[in-house]
Amino acid sequence: MTYEYPEIAKVADELHAKLKDLADKKSVLRDPALKSLYEQLKNMPQEHRGSFGKEVNALREELTAATEIGSASANALQSIDVTAPFDVNVKKKPGLIGPEAGGVHPLMKEQDYIVDIFNRMGFNAVESRQIDDDYHMFTSVNFPEDHPARDDYDTFVTSEGLIAPAHTSTMQNRVLKQYKENLERGEPIAVVIPGRVYRNEDIDVTHEHTFNQFEGVYVNKGVNVGNLVATLKAFLSEYFGQELKAKLQPFYFPFTEPSFEFAIERPEVLRKGNSEADMWLELLGCGMIHPNVLKMAGIDPEIYTGFAWGCGIERLVLMKYGIEDIRHFESAKLEFLRQFS
Ligand code: DAH
């Protein structure tokens, strides 16, 4: 920086020269030469005061920056203290919150309960992935290339083309292959797949961009829609501890044929009005597994049939506890979370 006022330029040169030899770099900011510039400022005629003041401040900033560069490199060389700030042999560690203050998140608690019910119904459990690929997200579940249905599953993609899955159906092909030998032994494939999923979603009281689903897959000889409905009803009445009104309506999913939407009666706290449309909460998608999906896993659809479903865990939990806003789950509000511990 060049300074208009020669007295400032002179101090600048002097102090830069001094700085090189100083052990405590910051002490340059307390140097009498710099202080004297501020003294001069006080007695300066009004018309010069502004521009002189600006230059003195600029010099101060320049020197501060120079001291920081020096100390940053000094810091980089300092070793890091990796010792614990307390005696590791003392049981109660001062200042740390103990495990008794924590709790299992309500969604994980409910997920465990859901998996437990299905275990008792004879289903295995396999966890879904949080990063997947195009083949498992779309192709393996019968989405034709460039099919518009792909747009319903708009989600995050890395620059390498990896996908944050928009549904747990990404796991269908894997579990069908993994448990295929069951069929050869005359046993069914019965798997429940919990996992976190992601969507480009407009957020409101019943929609989140990140949520949890559990997928169900059941394959055997002679499986039909009646088995699907009976399985879901058995699960729901166990989960809610009561019979619930449910209705099945036709829908479209590429991976099932026929496909349905399974709706249950919406509890009053979640109703916005009294209209018939608002009475029902669309709970899950389901259907008979499309022959192409079975074929892609090496299962002969002429011999075996099966059903599948995908259900949002948050929706179930909202219903069960009459929670009015799905966004509470990820809000980290302790008043909310502690009600479930
Ligand atoms: N994957 C669908 C979704 O997230 C839900 C679904 C529908 C899953 C039908 C299934 C199914 O397995 O058969 O929108």
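**Notebook: sheet, helices and ligand shell**

Entry 1. I began with L248, and its bridge partner in β5 is F262. I note at once that this is a predicted model, in which local features need pLDDT of at least 70, side-chain atom pairs count only at pLDDT 80 or more, and totals for chains, interfaces and linings use all residues. Residues are numbered from 1 along each chain as its sequence is written. I took helices (H or I, at least four residues) and strands (E, at least two) as DSSP runs, numbered from the N terminus. Two strands count as paired if DSSP finds at least two bridges between them.

I then followed F262 to the other neighbour of its strand: in β6, its bridge partner is L284. A263 has E282 as its bridge partner in β6. β4 and β5 pair in the antiparallel sense over six bridges, and a hairpin of four residues joins β4 to β5. Strand β5 (residues 256-265) is also antiparallel to β6, over eight bridges. I kept in mind that side chains in a regular strand alternate between the two faces of the sheet.

**Entry 2. The whole sheet.** I counted 12 helices and seven strands in the chain. The open sheet has seven strands in the order β1-β2-β3-β7-β6-β5-β4, with mixed pairing. Its edge strands are β1 (124-125) and β4 (246-251), each pairing on one side only.

**Entry 3. Helices on the sheet.** For contacts I required C-beta atoms, placed from the backbone, within 7 Å. Axes are lines fitted to C-alpha atoms, for helices over the stretch in contact, and angles run from 0 to 180 degrees between N-to-C directions. Helix α4 (residues 106-120) lies across β1, β2 (189-198) and β3 (210-220), and runs at about 165 degrees to β2. Helix α11 (residues 313-321) packs on the sheet as well, touching β3, β6 and β7, and its direction makes about 105 degrees with that of β3.

How many residues of α11 are buried? Seven of the nine are buried, so α11 is largely enclosed by the rest of the structure. I called a residue buried if 20 or more other C-beta atoms lie within 10 Å of its own, exposed if 12 or fewer, and partly exposed in between. The buried residues of α11 are I313, E314, R315, L316, V317, L318 and M319. They pack against α4, β3, α8 (225-240), β6 and β7. G322 follows α11 and has a positive phi, near 65 degrees.

**Entry 4. Cores.** Buried residues make up 27% of the 341 residues in the chain. A nonpolar core is a set of buried Ala, Val, Leu, Ile, Met, Phe, Trp, Tyr and Cys residues joined through C-beta atoms within 7 Å. The largest one has 50 residues, of which L176, V191, V217, V219 and C286 touch the most other members. Not counting residues up to four places away in sequence, V191 touches F123, N124, V126, V175, Y179 and V217. I found a second, separate core of nine residues, including V11, A12, V28 and L59.

Entry 5. The ligand is surrounded by H167, S169, E215, F253, F255, T256, G285, C286, G287, A308, W309 and G310. The elements giving two or more residues to this shell are β6 (280-289) and β7 (305-312). I sorted the shell into five nonpolar residues, six polar and one charged; Ala, Val, Leu, Ile, Met, Phe, Trp, Tyr, Cys and Pro count as nonpolar, Asp, Glu, Lys and Arg as charged, and the others, Gly among them, as polar.

**Entry 6. Backbone exceptions.** Most residues other than glycine have a negative phi, and most peptide bonds are trans.

D146 is not a glycine, yet has a positive phi of about 60 degrees. D146 is in the loop between α5 (134-137) and α6 (172-178), and is exposed, with 6 other C-beta atoms within 10 Å. A332, also a residue other than glycine, has a positive phi near 60 degrees. A332 lies in the loop between α11 and α12 (334-337) and counts as exposed, with 8 C-beta neighbours inside 10 Å.

Notes:
A residue is near a molecule or strand if its C-beta atom, placed from the backbone, lies within 6 Å of it. Two residues are in contact if their C-beta atoms, placed from the backbone, lie within 7 Å.
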